Amino acid sequence: MEEKCPECGVKLKSGAKFCESCGINIENYQKQKEKEIEQQKIQMEEEIKSKLEKEFQEKIKQIENEYVEKIKKEKREIEKKQPLFSEHQYKILIGIIIITIIILIGFFLGKAYRII
Ligand SMILES: [Zn+2]
């Protein structure tokens, strides 16, 4: 199999460890390249990992915020729907007040008439 120098492109003799043209160490060159590729791979993996982790954290935060907002909204809705007294209770309360007033007026009127 014919190989070419990775640096200068000159044809190499089979099994040659050095390039006759530029003098680079073929074996070391390839190892160096492999090492660089490996390092790039590790770096890329770390970048992807940290990116995914960041996105994951942001997503969780977002879901958490949405959930909290939803709960707050539901709480507000419930508070809005539940006034201090219901309409029915209001009618009863007003009725009791009116009856009490009438009784009190009657009581005082009766007392006044008795005095007169
Ligand atoms: Zn060369």
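A: What follows covers confidence, layout, overall shape and a few residues.

A: This is a predicted model, in which local features need pLDDT of at least 70, side-chain atom pairs count only at pLDDT 80 or more, and totals for chains, interfaces and linings use all residues. Residues are numbered from 1 along each chain as its sequence is written.

Q: What average pLDDT does the chain have?
A: The average is 90, and 97% of the residues score at least 70. pLDDT is the predictor's confidence in each residue, from 0 to 100.

Q: Which element has the lowest mean pLDDT, and which the highest?
A: Strand β1 (residues 3–4) is lowest, with a mean of 84. Helix α1 (residues 26–81) is highest, at 94.

Q: How many helices and strands are there?
A: There are 2 helices and 2 strands. Helices (H or I, at least four residues) and strands (E, at least two) are DSSP runs, numbered from the N terminus. The order from the N terminus is β-β-α-α.

Q: Is the chain spread out or compact?
A: Spread out, because its radius of gyration is 45 Å, well over the 13 Å that the globule rule gives for 116 residues. The radius is taken over C-alpha atoms, and the rule is 2.2 Å times the number of residues to the power 0.38.

Q: What box do the C-alpha atoms fill?
A: Roughly 140 × 25 × 15 Å, along the principal axes.

Q: Does the α1 span agree with its residue count or disagree?
A: It agrees: at 1.5 Å a residue, the 56 residues of α1 should span 82 Å, and the end C-alpha atoms are 81 Å apart. The expected span is 1.5 Å times one less than the number of residues.

Q: How many residues of α1 are buried?
A: The count is 0 among its 56 residues, so α1 is hardly covered. Buried means 20 or more other C-beta atoms within 10 Å of the residue's own, exposed means 12 or fewer, and partly exposed is in between, with C-beta atoms placed from the backbone. Over the chain, buried residues make up 1% of the 116.

Q: Switching to Tyr29. Where does it lie?
A: In helix α1. Tyr29 counts as partly exposed because it has 15 C-beta neighbours inside 10 Å.

Q: What does Tyr29 contact, leaving aside neighbours within four places in sequence?
A: Pro6, Glu7 and Ile24. Contact means C-beta atoms, placed from the backbone, within 7 Å.

Q: And where is Ile24?
A: In the loop between β2 (11–12) and α1. Ile24 is partly exposed, with 16 C-beta neighbours inside 10 Å. Not counting residues up to four places away in sequence, Ile24 touches Cys5, Glu7, Phe18, Cys19 and Tyr29.

Q: Last one, Pro83: buried or exposed?
A: Exposed, because Pro83 has 10 C-beta neighbours inside 10 Å. Pro83 lies in the loop between α1 and α2 (87–115). Its C-alpha is 92 Å from that of Leu12, with the two 71 residues apart in sequence.

Key:
Two residues are in contact if their C-beta atoms, placed from the backbone, lie within 7 Å.
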